[in-house]
Structure formats: C-alpha cells, structure tokens
Amino acid sequence: MKDRRKEPLYMIGTVAKMYNIHPQTLRLYEKEGLLVPSRTKGKTRMYSEEDLERLEFILFLTREMGVNLAGVDAILRMKQQFEDLQNQIQLLLTRLQEEIRERYINDLQGQQNALVQLPKVEIMKIEEYIYRKYKKPKGEK
C-alpha cells in the first residue's frame with residue numbers, strides 16, 4: 001500500500017503561495033539538501049504532504065527560532081537520527097516481547113507440571129507501570 005503522504009501533489013508556485021515564500025527560497029532549500037521534492041518527467045518540482053511538513057518545520061526553525069540554514073541542516077540530521085533510533089528501539093522491544101512470549105509458551109507445559117507455577121511476564125512502558133501503580137481509585141482524592 002502506497003503512503004499517501006509521499007504522493008507528489010503540489011507544484012513549486014502553489015507551495016510558495018501557501019507558505020508566503022518566494023519560489024527561489026524553495027529552490028535554495030533544495031540546493032542545500034533541506035528539501036528534496038520529486039520531479040516529473042519534464043523536471044517540474046512536485047511536493048508531497050511529507051515535504052510540506054518538513055518545510056513547515058524548516059520555516060518554524062528559520063522564522064520563529066532564528067536558526068540559519070546550517071543550523072537547520074544539523075537539526076534535521078539529528079531529528080532523523082533520533083527517529084531512526086526510536087524505530088530501532090521499538091523493533092528491539094517487539095523482538096524481546098516475541099522472544100519472551102515464545103519462551104513462555106514453550107515452557108507452559110513444564111509450568112503446568114511444576115510444583116510452583118511462575119507468574120506471566122509482561123513488558124510495559126515505564127509510564128504505564130507508574131500510572132497503574134500510583135493511580136487513585138475513583139472517588140478518592
């Protein structure tokens with residue numbers, strides 16, 4: 001299934017009007033590697049929803065935070081690294097949960113014949129654990 005956010009929809013003039021910037025600014029962002037719009041066979045730049053989100057972040061950094069283009073580039077690279085790390089951590093957590101689940105299922109027969117049954121192992125985010133442990137029952141202040 002194709003990600004609709006990556007579908008090229010907007011031409012450079014439309015994007016420039018939408019964000020009140022000169023088309024040359026968009027070309028500069030592309031030259032600096034901050035934005036990479038797709039191109040048609042006729043070499044027309046086409047921007048996707050994902051490109052627009054990235055442009056909004058760039059404009060926030062430059063207009064609201066006063067960051068120069070070198071700083072924007074560094075921030076975008078760090079943001080991408082952070083997202084990559086988050087994805088790797090999520091993948092690792094998923095694999096750990098699967099491994100624990102497999103071990104539990106494989107050892108279930110042994111547990112049923114054991115003198116003492118072991119409790120089910122559950123992995124959860126620390127925020128959820130704290131919430132469950134310390135939440136107040138309804139009606140209690």
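Starting at the N terminus, the elements of the protein chain come in the order β-α-α-β-β-α-α-α. That gives 5 helices and 3 strands. Keep in mind that this is a predicted model.

Let's look at the strands. They form an open sheet with the order S1-S3-S2 and antiparallel pairing. Strands S1 and S2 are the edge strands, each pairing on one side only. In general, strands of a sheet pair through backbone hydrogen bonds. Here, S1 and S3 run antiparallel and are joined by 2 bridges. Follow Tyr10 across to S3 and you find its bridge partner, Tyr47.

| S1 | 10-11 |
| S2 | 38-39 |

Is Arg45 buried or exposed? Arg45 is buried, because its relative accessible area is 18%, and buried means under 20%. Its side chain makes a polar contact of 2.3 Å with the side chain of Glu30. Leaving out residues up to four places away in sequence, Arg45 touches Tyr10, Met11, Ile12, Arg27, Glu30, Pro37, Ser38 and Arg39.

Finally, the chain as a whole. It has 141 residues, and 18% of them count as buried. The protein chain exposes about 11,700 Å², with carbon and sulfur atoms supplying 55% of that area. As for contacts between residues at least 6 apart in sequence, 51% join residues at least 24 apart.

Conventions: Residues are numbered from 1 along each chain as its sequence is written. This is a predicted model: local features need pLDDT of at least 70, side-chain atom pairs count only at pLDDT 80 or more; totals for chains, interfaces and linings use all residues. Side-chain values use heavy atoms; hydrogens and water are left out. Buried means under 20% relative accessible area, exposed over 50%, partly exposed in between (1.4 Å probe, protein chains only). A polar contact is a pair of N or O atoms within 3.5 Å; within protein, one must be able to donate a hydrogen and the other to accept it, and residues adjacent in sequence count only if both atoms are side-chain atoms. Contact means heavy atoms within 4.5 Å. Two strands pair if DSSP finds at least two bridges between them. Helices (H or I, at least four residues) and strands (E, at least two) are DSSP runs, numbered from the N terminus. Accessible areas come from the Shrake-Rupley method with a 1.4 Å probe; for residues, only the protein chains shown count as cover.
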